[in-house]
Amino acid sequence: MKVAVFASAAVIALAAGMGAAVARDQIQVAGSSTVLPYAKIVAETFGETYPDFKTPVVESGGSGAGIKQFCEGVGEDKIDIANSSRSMKADELESCKTAGVTDVQEVKFGYDGIVFATDIAGPDFAIQPVDIYKALAAKLVMDGKLVDNPYTKWNEVNPAFPAWDIAAYIPGEKHGTREVFETKVLDAGCDKAALEAAGVAKDDVTKTCHAVRKDGKAVDIDGDYTETLARIDANKTGVGVFGLSFYENNADKLKVATVGGVVPSVDSVASGEYPVSRPLFFYVKKAHIGVIPGLKEYVEFFLSDEMVGPDSPLAEYGLVPAPDAERDAARAAFEAGTTM
Amino acid sequence: MTDSALAPSAMAAPAAQRRDFGLKRRHASEARFRFYGITAIVIGLAFLIILFVSIISKGYTAFVQTSITVPVEFSEQIIDKNNERATDPLKLRAANYPLVARNAVAAFLGIDPTDKAAMKAAGDLVSDSSRVQLREIVQADPSIVGQTRTVTLLASGDIDSANKGQIDLSVAEANRKVSDKQLELLNQLKEKGAVSMPFNWGLLTFGASSRPESAGLGVALIGSLFMMLVVLIVSLPIGVAASIYLEEFARKNRFTDLIEVNINNLAAVPSIVFGLLGLAVFINFFGMPRSAPIVGGLVLSLMTLPTIIIATRAALRSVPPSIRTAALGVGASKTQMVFDHVLPLAVPGILTGTIIGLARALGETAPLLLIGMVAFVADMPQNPLQPATALPVQIFMWTNEAERAFVERTSGAIIVLLVFLAIMNITAIVLRRRFERRW
């Protein structure tokens, strides 16, 4: 028993003293769950290709949480890269700078499409942004007055739709995807002039456009797309919002809806024809380059055409590659060390 | 006499009536209670069975893995065209091994090398992890370059799912990950007897991977093992020492009452709180590495301590006072009494409490989220300071994967976790049965 007491005391003392002394030799990444699958593929291939470096550790937890961790400071116990499915906000950059993370390199590595999908047995949905807005907004302008959303069935919104009860599974507010959903779908479907005419203050118009009904017809999904898929599985008349890559991996269970008459695909998103897409980013702590072994090589490897080009493993998984010129520009900007 | 004889019988008659009164109702109430009890057990069992059936029916296929055995030609033309391997060993590392694997499958099936589509389909049959597998063969024995050896390659995740019937093949070809061409090639391979379904050792030995076929619980198992070791080393001695002092030596006053209330409270604190504490103290203050099992272990130790203390105190208390007074009576000191007489009798109870505490710690995810252990970790940790994950974390990570082949692996991982928990709990019961003394 005495031995055990001494052993445990030794372990605690050792742990406390040792922690600071260990030099980190693998890259630490955290952030968006949308970027996670891509980052994992790159990290794994990086570890397999470069014998001298360890495979980077990629944490998930969401864009916001990742950026918050990223902005905690500089040092070996802080992460090196934050993945994000949206660009860093001004106040986030501000908090980074206050914490001493002054040099942040922004890297845009590709695009992701956002699709609407129903159960595979469902009918064809041809969605316009205005349909989604009418079905899901909290308040609508009817006869010049702002009223609570009265629609309960899809065919009331648009006679071409089936007579299903409205049940939409949309990304929760902590997701980067939500922002894209708001700006690319709700904003696009929202008639701002009509709102102002109905007496909404000018400053509140965008907020009103983005407000989603809270009566249970639009369900926020705070988990991942697998949760959305499970909801659609359980409710065959539900409509879910997915990432393009997730849909492509589950195309035998889901039927995708067209938006503005365009079928979402890697090609239609890359050409800009399909309207609902967003860029994917990661942020690199410049102060860690040269300190953490392999960080520079990892970013360069990530940006190489082998990884994010048109025939790359990421494109195969569902990433929409950026145009050639944009990829070249991203590589050049990282090489030059451009910071935000 | 007659009066006194009469009196009891006169009194007994109504008393007997009263005893009969309500008997039926009381019997009925007992029957009702028994019925409620059985219903509760049946409902509980039904949920358990639903859980097991759903997990096992989804997960048992994860324990086999579709593999393709073909003769692989380690072509010098592909691996080392200019014969530089003697001077530049990196050549063997960076060679295009997936191409070697693709050509092996194509040659086995007799596919015309100019048929690009068929060649691509053949290449997609085997996992990209063949890159590492073939490279290791070549690096272990560079003389193999230019020769042919029969190698068992992992089939890619989608092919594996299709072979196990988990992909709906009735939908349009464009809507599924496996093309008709691939299925045709797979069937040809099957006819030639090249497709086998061996036990999936990789599920237990591989690290995390973005490819389902080469993803395994290896890192998670080692991480969980390291954490359990840390928990055992840290919390067992501290917990036992604290409870012996509190139970046998400390005076009962307000202060020790306060400590007791606090310990009981700590046992009920949500585990995420311990994660926050771990982040603030171990990582931010002591500067310990992120994602490391030692930090996870320390956090889980904090969580397990109250459980161990409560169990140990109960075990100590259940030792009859006669043992203590007898020891003191023959002249033992208080320390001798505790360590030579009371503690040995309390050991089974302490062990049971510890194992149950460990089992709870083994199943925790929430506190690990904040210290960076919910992560993609591909490299095996060599010591508790290197990044690792834990079993329940790996289950959580796989749940969020898009590929179909991860569905069965998630359930497979749950089965593995359940087996470990069952082993621990059975050990606890066996220890208790074996060593427990009844007074």
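Student: Where do we start with the strands of chain B, say with how β1 and β2 pair?

Tutor: Strand β1 (residues 67-73) of chain B pairs with β2(B) in the antiparallel sense, over seven bridges. Within that pairing, B:Pro71 stands opposite B:Thr150 in β2(B). Please keep in mind throughout that this is a predicted model.

Student: And which order do the strands of that sheet come in?

Tutor: The order is β2-β1-β3 (chain B), three strands that form an open sheet with antiparallel pairing. The edges are taken by β2 (148-154) and β3 (195-196) of chain B, each of which has a single partner strand, so one side of each is left without a neighbour in the sheet.

Student: What does β2 of chain A pair with, then?

Tutor: Its partner belongs to the other chain: β2(A) and strand β4 (residues 375-376) of chain B pair in the antiparallel sense over two bridges. At the level of residues, A:Glu59 has B:Ala375 in β4(B) as its bridge partner.

Student: How many residues are in contact between chain A and chain B overall?

Tutor: On the chain A side there are 40 residues, in contact with 39 residues of chain B. The elements of chain A that each supply at least two residues to its side are α1, α2 (36-49), β2 (57-59), α10 (225-234) and α11 (244-249). Helix α1(A) gives the most to that side, with ten residues. Sorted by class, the side of chain A that touches chain B has 19 nonpolar, twelve polar and nine charged residues.

Student: New topic. What is chain A made of in terms of helices and strands?

Tutor: The secondary structure of chain A comes to 16 helices and 13 strands, and its C-alpha atoms fill a box of roughly 75 × 50 × 40 Å along the principal axes. Of the 340 residues in chain A, 45% are buried. Among the contacts in chain A with a separation of 6 or more, 73% come from residues 24 or more positions apart.

Student: How is chain A divided into domains?

Tutor: Domain 1 of chain A covers 19-111 + 280-336 and domain 2 covers 113-277, with their C-alpha centres 30 Å apart. Between them, 17 residues of domain 1 of chain A are in contact with 15 residues of domain 2 of chain A. On the domain 1 side, α3 (63-70) and α15 (313-317) of chain A are the elements that give two or more residues, and by class that side divides into seven nonpolar, nine polar and one charged.

Student: And how is chain B divided?

Tutor: Chain B is divided into domain 1 (24-62), domain 2 (65-198) and domain 3 (218-435). The C-alpha centres of domain 2 and domain 3 of chain B lie 46 Å apart, and the contact between these domains takes five residues from domain 2 and four residues from domain 3.

Student: Last one: which residues touch the most other members in the largest nonpolar core?

Tutor: Those are A:Phe116, B:Val231, B:Val295 and B:Leu391, in a core of 164 residues. Helix α11 (residues 218-249) of chain B gives the most to this core, 15 residues. Apart from it lies another core, of 29 residues, including B:Val72 and B:Ala155.

Student: What is B:Val231 in contact with, leaving aside its neighbours within four places in sequence?

Tutor: With those neighbours left aside, B:Val231 is in contact with B:Gly297, B:Leu300, B:Ser301, B:Thr304, B:Leu358 and B:Ala361.

How values were computed: Residues are numbered from 1 along each chain as its sequence is written. Chains are lettered from A and ligands numbered from 1 in the order in which they are written. This is a predicted model: local features need pLDDT of at least 70, side-chain atom pairs count only at pLDDT 80 or more; totals for chains, interfaces and linings use all residues. Helices (H or I, at least four residues) and strands (E, at least two) are DSSP runs, numbered from the N terminus. A residue is buried if 20 or more other C-beta atoms lie within 10 Å of its own, exposed if 12 or fewer, and partly exposed in between; C-beta atoms are placed from the backbone. Two residues are in contact if their C-beta atoms, placed from the backbone, lie within 7 Å. A nonpolar core is a set of buried Ala, Val, Leu, Ile, Met, Phe, Trp, Tyr and Cys residues joined through C-beta atoms within 7 Å. Ala, Val, Leu, Ile, Met, Phe, Trp, Tyr, Cys and Pro count as nonpolar, Asp, Glu, Lys and Arg as charged, and the others, Gly among them, as polar. Two strands pair if DSSP finds at least two bridges between them. Domain bounds come from an automatic or database domain assignment.
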